[in-house]
Amino acid sequence: MRLISDKSIIGRDRRIVLFRLEENDSPAETVCLLSGIFSQPCAVVKTPIGEHRLPAGVCGNIDLMKKSLEEVKILSIEIGEGKGKTDVTFTVDYSLGDLTCTGPLEYDFYSLLIGYGLNFSL
């Protein structure tokens with residue numbers, strides 16, 4: 001992945017960090033790695049016909065995820081905590097090949113991504 005931007009929305013105390021997935025980055029594998037961040041991950045898959053929620057058991061298993069989504073035209077996948085409140089969400093945009101990280105202003109997305117096996121460059 002390549003870092004594209006890191007910006008703050010000052011009025012809302014939020015931060016958005018944008019990465020571009022490269023050729024060797026698998027969007028499904030990226031979602032699976034990110035699911036490890038959450039205690040009960042939940043992924044919402046957006047397709048041309050609507051939104052579909054993937055259960056936690058599918059989110060963290062690359063083989064199940066690929067099998068579940070193999071014939072689906074995916075626009076994006078948003079992943080976050082499935083139970084309770086979460087301040088952090090991730091969205092993988094399949095058409096643009098982007099990973100958008102959204103969270104509190106002081107959140108350290110860089111260390112988090114590296115800790116879960118997602119490497120990036122500038």
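Predicted model: local features only at pLDDT ≥ 70, side-chain atom pairs only at ≥ 80, totals over all residues.

Me: Which residue in β5 is the bridge partner of Pro41?
Reply: The bridge partner of Pro41 in β5 is Glu81. Residues are numbered from 1 along each chain as its sequence is written, and side-chain values use heavy atoms, with hydrogens and water left out.

Me: How many bridges does β3 share with β5?
Reply: β3 (residues 41–47) and β5 pair over 6 bridges, in the antiparallel sense. Strands here are DSSP runs of E, at least two residues, numbered from the N terminus, and two strands pair if DSSP finds at least two bridges between them.

Me: And in what order do the strands sit in the sheet?
Reply: The 7 strands run β1-β2-β7-β6-β5-β3-β4 in an open sheet with antiparallel pairing. β1 (2–9) and β4 (50–54) each have a single partner strand, so one side of each has no neighbour in the sheet.

Me: Switching to Ser76, is that buried or exposed?
Reply: Ser76 is buried, at 10% relative accessibility; the cut-offs are under 20% relative accessible area for buried, over 50% for exposed and partly exposed in between, using a 1.4 Å probe and protein chains only. Ser76 is in strand β5 (residues 76–81).

Me: What is Ser76 in contact with, beyond its neighbours within four places in sequence?
Reply: Its contacts (heavy atoms within 4.5 Å) include Val44, Val45, Lys46 and Asp93.

Me: Where does Asp93 lie?
Reply: In strand β6 (residues 89–93). Its side chain makes a polar contact of 2.7 Å with the side chain of Ser95. That term means a pair of N or O atoms within 3.5 Å; within protein, one must be able to donate a hydrogen and the other to accept it, and residues adjacent in sequence count only if both atoms are side-chain atoms. A polar atom of the Asp93 side chain also lies 3.0 Å from the backbone nitrogen of Leu96.

Me: Last topic, the core: which residues touch the most other members?
Reply: In the largest nonpolar core, with 29 residues, they are Leu34, Leu54, Met65, Phe90, Leu99, Cys101 and Leu113. Such a core is a set of buried Ala, Val, Leu, Ile, Met, Phe, Trp, Tyr and Cys residues joined through side-chain atoms within 4.5 Å.

Me: What does Leu113 contact, leaving aside neighbours within four places in sequence?
Reply: Met1, Phe19, Leu34, Phe90, Cys101 and Leu118.

Technical notes:
Helix = DSSP H or I, 4+ residues; strand = E, 2+ residues; numbered from the N terminus.
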